[in-house]
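Work through the exercises below with the sequence and the structure side by side, and try each task before you read its solution.

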Amino acid sequence: MNESPVAESLKRENISSLRDIKTTNSTGFNLSVESIIYGNKVAFLSYRENLLGIIIQSKEISAIQRATFNLLWEKL
């Protein structure tokens, strides 16, 4: 998440909510789009004016998305 008071509040609840949130001060992250990687699928969800969801089922695409996520997670 981008650094913000909301992000800091959520981080304080990490343990009780069974999650781990990391923040960044980068302006390149769009918080209105969420990606979820599960199994061999990747879901992209957009929360802007027109709600949109796309699920891609592909071993290769899910593998590269997972690798990208893990790389970013380690760098943060």
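Two strands are said to pair if DSSP finds at least two bridges between them. Keep in mind throughout that this is a predicted model.

**Exercise 1.** Find out which residue of β3 is the bridge partner of F44, and describe the pairing to which this bridge belongs.

Solution. Begin with the two strands, which are β2, covering residues 41-46, and β3, covering residues 52-57. Between them lie five residues, and the two strands form a hairpin. They pair in the antiparallel sense over six bridges, and within β3 the partner of F44 is I54.

**Exercise 2.** Work out in what order the three strands are arranged in the open sheet, and which strands lie at its edges.

Solution. Take β1 and β2 as the next pair, where the pairing is again antiparallel and runs over six bridges; here V33 has S46 of β2 as its bridge partner. Putting the strands together gives an open, antiparallel sheet in the order β1-β2-β3. The edge strands are β1, with residues 33-38, and β3, since each of them pairs on one side only. On average, neighbouring strands of this sheet are turned by 15 degrees against each other, if direction is ignored.

Technical notes: Residues numbered from 1 in each chain as written. Predicted model: local features only at pLDDT ≥ 70, side-chain atom pairs only at ≥ 80, totals over all residues. Heavy atoms only, no water. Helix = DSSP H or I, 4+ residues; strand = E, 2+ residues; numbered from the N terminus. Axes fitted to C-alpha atoms, helices over the stretch in contact; angles between N-to-C directions.
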